[in-house]
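Subject: Structure handover

Hello,

Here is the structure I promised to pass on. Please open it alongside this note.

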Amino acid sequence: MLDNVPFEIQEEIIKHLPVKSLIRFRSVSKSWKSLVDSSDFITHYRSQQQHLLVYIRRYGSEPKYVSIVDDNTFPEQRVSPTLPLFVKMLNPCRTIGSSHGLLCLYDYGELVIWNPLITKAVPVVVPNFVDDKMFKTEFGFGVCRETSDPKIVKIRYIYRFTDMESVTSIPWQVEVYTLSTGVWRSPNSNVPRKPIVFGVQKGGVCVDGVYYWLATDKSIVDDEIVDDEIEAYNMIISFDMTSEEFREVNLPDSFVYDGPMWNLYIYNLRESLVLVERGTEEDYTPVYKVWMMEDGVRKSFTKLYTIHAPYARIIGVREFKKSGELVMEVREDGRNAISLVVYEPNLKHISNLGISRGTGDIYVHSYMETLLLLDQPLSTIFDKVYAMLQNSYEELRADGF
């Protein structure tokens, strides 16, 4: 029957299939497999289907991953994805970012780029990784808009210092890893020379190929803050994965000096940067305000709405659905367990997802369907694993083991 349909038409049909169907249909014919496996098809394949990956880490037990399809069937369609070996090796781990359907996971000196839908992951060996009382390492992850090539940016910066004057002359040490080359290199980027440290939110967020971090300029921090010295305290730092340039994004004036960013968080909502502010009402009930940056214009944040939930204590906002609804952790009245819920801002309604924890943590990350990593040869992956293990072995020998 396929012989009666021109291959050009078959190709147009295949382009609109979901990833899981594409993986299965590679077995239909050699021509279909050749098309789906081609680098050009993998690079340009676009799907509007979004998923939410829930990572549940309970103390004293194995971590659990749950992937939920983010459509009108939400939350009925959920599966436990098969974890590649390299993802299992990262325990515990945190997510550096999600971009173009890929997630970048991290565990003290080890990075893994993972496509949850095709069960493929690529480990990345991190060079020159040292964290101590004075220096810290921060990462960012995103996919280049022009080439669809995944990139990781590594920043080593001074975290703690006493002599402010000497520190201002020491820039960040920046390296960029590109998956297609498998090489770390120093970019020709405009590295900030201010003594900037990153916020308390672990990691940042990637929006349309640009990675954002909450940050603080410590050069003007003093015991006595005066009005004309606070405009550069809290800020957002961005790194464009295409141009490899850093930028400073000014926050609204009300957030410029509001303590050490304990109450600010950033997210991606439909490829727009969203700022979530945590506060309290008069009775100390948590309240959250959601702001969105307009069209990428720096300092142009518009307040979308305020979240009040008197019938449940909000632990924190975890992610946004494609529809704009919030995924939050709450402790509902009369219950000891902490549950994952969806909040509909227009109706001010909370729906329980049936996912809860006792002790431990819950992380939620949004990702789109993609074929990226499908053309990564297994030999390359195993070579990188060997290099990672060899690097760890040499570090142990250097430490006298």
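Below is what was found in it, part by part.

**Ground rules**

This is a predicted model: local features need pLDDT of at least 70, side-chain atom pairs count only at pLDDT 80 or more, and totals for chains, interfaces and linings use all residues. Residues are numbered from 1 along each chain as its sequence is written, and side-chain values use heavy atoms, with hydrogens and water left out.

Helices (H or I, at least four residues) and strands (E, at least two) are DSSP runs, numbered from the N terminus. Buried means under 20% relative accessible area, exposed means over 50%, and partly exposed lies in between (1.4 Å probe, protein chains only).

**An open sheet**

4 strands form an open sheet in the order E3-E2-E1-E25, with antiparallel pairing. Two strands count as paired if DSSP finds at least two bridges between them. Strand E3 (78-79) and strand E25 (361-368) stand at the edges. Each has a single partner strand, so one side of each has no neighbour in the sheet. Strand E1 (residues 50-57) pairs with E25 over 8 bridges, in the antiparallel sense. Look for Arg57, which stands opposite Asp361 in E25.

**Helix H3**

Helix H3 covers residues 30-37, and its residues Trp32, Leu35 and Val36 are buried. They span an arc of only 90° around the axis, which puts them on the same side of H3. The arc is that of the directions from the helix axis to the C-beta atoms. Lys30 and Ser34 are exposed on the other side of H3. The cover over the buried residues of H3 includes helix H1 (7-15), helix H2 (19-25) and helix H4 (39-44).

**Salt bridges**

The count comes to 12 salt bridges. The rule asks for a side-chain nitrogen of Lys or Arg within 4 Å of a carboxyl oxygen of Asp or Glu.

- Lys15 bridges to Glu12, with the closest N and O atoms 3.2 Å apart. Both lie in helix H1, 3 residues apart, about one turn of the helix. Lys15 is partly exposed at 35% relative accessibility, and Glu12 is partly exposed at 40%.
- Glu325 and Lys321 meet at 3.2 Å, N to O. Glu325 is buried at 17% relative accessibility, and Lys321 is buried at 7%.
- Arg357 and Glu329 meet at 2.7 Å, N to O. Arg357 lies in strand E24 (residues 349-357) and Glu329 in strand E22 (residues 326-332), so the pair ties together parts 28 residues apart in sequence. Both Arg357 and Glu329 are buried.

**Nonpolar cores**

A nonpolar core is a set of buried Ala, Val, Leu, Ile, Met, Phe, Trp, Tyr and Cys residues joined through side-chain atoms within 4.5 Å. The largest has 63 residues, and Leu111 and Ile152 have the most contacts inside it. Strand E5 (residues 102-107) gives the largest share of this core, 5 residues. Contact means heavy atoms within 4.5 Å. Leaving out residues up to four places away in sequence, Ile152 touches residues including Cys104, Leu111, Phe139 and Trp184. Another core of 18 residues lies apart from it, with Tyr267, Met292, Phe320 and Val341 among them.

**Cysteines**

Cys104 is buried at 0% relative accessibility. Cys206 is buried too, at 4% relative accessible area.

Best wishes
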